[in-house]
Amino acid sequence: MILTITMNPSIDISYPLEEFNLDTVNRVKNVQKTAGGKGLNVTRILKQFDAEVTASGLIGGFLGEEIKKDLEKSGITHNFLPISGETRNCIAILHEGQQTEILESGPIITEQESAAFLRHFKELADKADILSFSGSLPEGLPVDFYSQMLQACQPKPVVLDCSGAALAEVLRGRVKPKLIKPNAEELAGILGRRVPSEVAELKAALSDPMFADIEWIVVSMGGNGAFAKHFDTFYRVTIPKIDVVNPVGSGDATVAGLTAAIDAGLSDQELLKQGNVLGMLNAQEATTGQVELANYQTLFEQIQVEEVGG
């Protein structure tokens, strides 16, 4: 079983407008509301990929109940810890080829809820084969909370997709995830310097001592594919050009593919292809966290994974 963790989920609301007018009424006809948050995007992709998956994290209030209903509608197993605060809304206004987002920060987690979740998480992790942690931490949780979770679930493999201070704490911690998936911008943020896309520069960046003991580092590079390090072997991943409809959630779809590949014991080349295929399939759909698996094999065969030495 794959356990996905979303510590700060949301109801994602999409308002498509031909024109967005300030300081007046805007009427929206085709509103979309879905259970959101990076970890829940991962969960939905895994479910479509026919993986055995359970979603967990923190939810509260009316919106938390709506998230559970949305997941149940899709047949997704969940086991969240209820909290006293209210789960957040995240609003995207799509207008004139632009996207304006209004993101609530979410609930403030108490110390009691933090401790209760670690106990809850440990029980779930004991039954899991592999875990995936995605997204930001809500207010109230300590910045090293992902590190605490890694300690609680060792030696289970963990795929971690987060950034900023939470990732920096993990990199400083004693227990490391099996795989991290920064994009190029996040990699530069971790290292505190720009990282050119040349192979030599990428190899040097991923060989930095701060990444010691992390088995897999997969750097997403958008339309330029990906660059990866597995132990001491480096790979360049080249992807075909596609018509992008909605890129939101493609990184989460990639995480789903990588997690399922590790769970299935796939080869390095198959793992990198599977992750990138699902990311591309998500980008070809209007709905975030949606893939058309009928196109899977065609894209899989077009992706090139080249070993570039160690």
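The stops below cover a sheet with its packed helix, and then a pair of helices.

The model is predicted: local features need pLDDT of at least 70, side-chain atom pairs count only at pLDDT 80 or more, and totals for chains, interfaces and linings use all residues. Residues are numbered from 1 along each chain as its sequence is written, and side-chain values use heavy atoms, with hydrogens and water left out.

**The sheet.** Select β3, β2, β7 and β8, which in that order form an open sheet of four strands with mixed pairing. Strands (E, at least two residues) and helices (H or I, at least four) are DSSP runs numbered from the N terminus; two strands pair if DSSP finds at least two bridges between them. From one strand to the next, the twist averages 20°; angles run from 0 to 180 degrees between N-to-C directions, with axes fitted to C-alpha atoms, for helices over the stretch in contact.

Next, select β7 (residues 88–95), which pairs with β8 in the antiparallel sense over six bridges. Here H95 stands opposite Q98 in β8.

Finally, select α8 (residues 250–264) and α9 (residues 268–283), whose axes come within 7 Å and cross at roughly 150°. The two helices are therefore roughly antiparallel (angles over 145 degrees). Contact residues include A253, G257 and A261 of α8 and L271, G275 and L278 of α9.

Key:
Parallel < 35°, antiparallel > 145°, perpendicular 65-115°, else oblique. Contact = heavy atoms within 4.5 Å.
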